[in-house]
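Me: I'm new to this one. Can you walk me through it while I ask quick questions?

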Amino acid sequence: MKRAMIKNGCVHAFIMGISIILLTGWPSRDAEGDETTRRHGYVGLRPLARTAEMDHGHNHGGSWAGTPTYEEQSGNYPFVAEHLDVVKDWLDGDFRTRRMFFEYYWGLSEERDDLNPKKNHLIRVIRNWEQQGGEIEHILICREYRLAIERGHRDAKPGPFSECTRILLEEDVDNIRKMFREAHAQGLTKYDNYKLILMVEHPSFFADDERVHPIIAKMDGVCVEVHQFNRHWPLEEGWVRPERLVRGAQWTLDQGKEYIFYYGPIRWKGDVYYAFMERDWLQKYWAAGLPKHHPNMHYYLNTFPHHEGRWRPVGPETDPHSTLGFTKWLIQEIRMVN
């Protein structure tokens with residue numbers, strides 16, 4: 001009798017399991033649980049140049065004409081294609097993930113920031129990617145006042161702090177959250193809320209100054225860009241020297257927020273380059289206390305073509321000096337897979 005009951009219970013559990021799968025679908029191939037079960041954060045990549053047609057017309061840190069493309073490396077990065085967690089602005093590569101992130105500048109003009117969901121530019125961006133099958137993981141958002149003025153956005157407005165003009169106003173965040181709910185109710189977007197990650201310029205001001213804390217409380221996390229050029233150089237004396245960055249990152253994680261280390265552009269062969277410089281900088285940050293394996297600590301590569309970095313080979317991933325080779329190494333370091 002007892003054996004029959006166990007048998008019947010197993011059959012019932014099996015049937016229930018199949019029913020759940022039929023109703024909800026098989027678990028995603030790249031789902032590894034939420035931040036309560038993951039042992040590490042995500043590794044993301046901004047693939048540039050994507051194709052010659054899409055990107056060779058750009059000029060940022062030098063013309064991108066003729067630079068290596070990811071399209072040319074199709075089939076040459078099976079490991080990265082399988083294990084990359086998040087990708088930016090491109091769903092046509094070999095990457096199996098559909099999880100995405102993108103950057104967004106608020107405050108460039110009143111027209112772009114129209115809070116009517118049917119007119120708002122941010123809602124259009126979300127809708128565009130979702131219609132292509134993308135799953136929006138993070139929106140890296142800020143008031144990009146300084147660069148916007150330089151690029152012709154004469155109506156751009158800075159944030160409330162001169163120390164870091166990228167920081168949003170509290171009402172910005174409230175308005176955007178409200179608009180998300182309205183857009184979803186109108187059937188424009190898949191969800192009624194999205195993760196807003198505040199992109200900042202200063203690596204620790206947001207953590208050190210209590211005036212900023214109410215704004216961070218409304219966000220889902222913070223993103224700091226780490227370049228190997230301009231005021232970021234050299235590492236030990238630069239804008240994002242380790243002690244500054246680690247302080248801001250640890251404070252963010254202590255608040256239960258997510259932190260994105262947005263790394264790039266990185267150097268290539270030139271007067272100051274040495275082999276595996278890009279890895280060395282990361283290892284120095286880790287040695288200084290930047291968390292390496294933390295469920296809310298994400299590493300996104302922003303390795304777009306810039307100055308001598310334009311000519312770093314994109315792939316194949318078997319070339320450890322290529323961008324895809326570096327991405328493979330980072331995935332192995334963070335996700336602990338081989």
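Me: What do the buried residues of α9 pack against?
Reply: Several elements. They pack against the helices α7 (205-208), α8 (213-218) and α10 (277-287). They also pack against the strands β6 (221-226), β7 (258-263) and β8 (297-301). Keep in mind that this is a predicted model.

Me: Which residues of α9 are the buried ones?
Reply: Pro-242, Arg-244, Leu-245, Val-246, Gly-248, Ala-249, Trp-251, Thr-252 and Leu-253.

Me: How far apart are the ends of helix α9, and what span should its residues give?
Reply: The helix has 13 residues, 242-254. At 1.5 Å a residue it should span 18 Å. The end C-alpha atoms are 18 Å apart, so the two agree.

Me: And what follows α9?
Reply: Gly-256, with a positive phi near 80°.

Me: Let's zoom out. How many helices and strands are in the chain?
Reply: 11 helices and 8 strands. The chain has 338 residues, and 52% of them are buried.

Me: What share of the contacts comes from residues 24 or more positions apart?
Reply: 70%, counting contacts in the chain with a separation of 6 or more.

Me: Now the core. How many residues does the largest nonpolar core have?
Reply: It has 77 residues. Those with the most contacts inside it are Leu-122, Ile-139, Phe-206, Tyr-259, Phe-261 and Leu-290. Helix α11 (residues 323-335) gives the largest share of this core, 6 residues.

Me: Pick Leu-290. What does Leu-290 touch?
Reply: Leaving out residues up to four places away in sequence, Leu-290 touches Leu-245, Val-246 and Ala-249, among others.

Me: Which residues are in the second, separate core?
Reply: That core has 15 residues, including Tyr-42, Leu-108, Leu-140 and Tyr-300.

Me: On to pockets. How much space lies in the largest pocket?
Reply: About 1300 Å³. The pocket is lined by 40 residues. Arg-46, His-60, Glu-103, Tyr-105 and Arg-151 lie nearest its centre.

Me: Which element gives the most to that lining?
Reply: Strand β3, with 4 residues. β3, α4 (121-131) and α5 (145-150) each supply at least two.

Me: What does the side chain of Arg-99 make a polar contact with?
Reply: The side chain of Glu-137, at 3.4 Å.

Me: Change of topic. Where does Glu-163 lie?
Reply: In the loop between α5 and α6 (170-185). Glu-163 has 39% relative accessibility, so it counts as partly exposed.

Me: What does Glu-163 touch?
Reply: His-202, Phe-205 and Arg-211, not counting residues up to four places away in sequence.

Me: And how far is Glu-163 from Phe-206?
Reply: 43 residues in sequence, and 9.3 Å in space from C-alpha to C-alpha. Phe-206 is one of the residues with the most contacts inside the largest core.

Me: Last topic, the backbone. Which peptide bonds are listed as cis?
Reply: One runs from Leu-48 to Ala-49, with omega near -5°. Ala-49 is in the loop between β1 (43-45) and α2 (52-55). Another runs from Gly-264 to Pro-265, with omega near 0°. Pro-265 lies in the loop between β7 and α10.

Me: What is phi for Phe-276?
Reply: Near 60°, a positive value in a residue other than glycine. Phe-276 is in the loop between β7 and α10. Its relative accessibility is 28%, so Phe-276 is partly exposed.

Me: And Met-336, what is phi there?
Reply: Near 60°, and positive. Met-336 is found in the segment after α11. With a relative accessible area of 35%, Met-336 is partly exposed.

Methods
Residues numbered from 1 in each chain as written. Heavy atoms only, no water. Expected span 1.5 Å × (residues − 1). Buried < 20%, exposed > 50% of the residue type's maximum accessible area, 1.4 Å probe, protein only. Contact = heavy atoms within 4.5 Å. Polar contact = N/O pair within 3.5 Å; in protein donor to acceptor, adjacent residues only side chain to side chain. Core = buried A, V, L, I, M, F, W, Y, C linked by side-chain atoms within 4.5 Å. 1 Å grid on protein atoms, 1.4 Å probe; cavity = no way out; pocket = protein on both sides within 12 Å on 5 of 7 lines; lining within 4 Å. Points joined across faces, edges and corners; volume = space filled by probe spheres on them.
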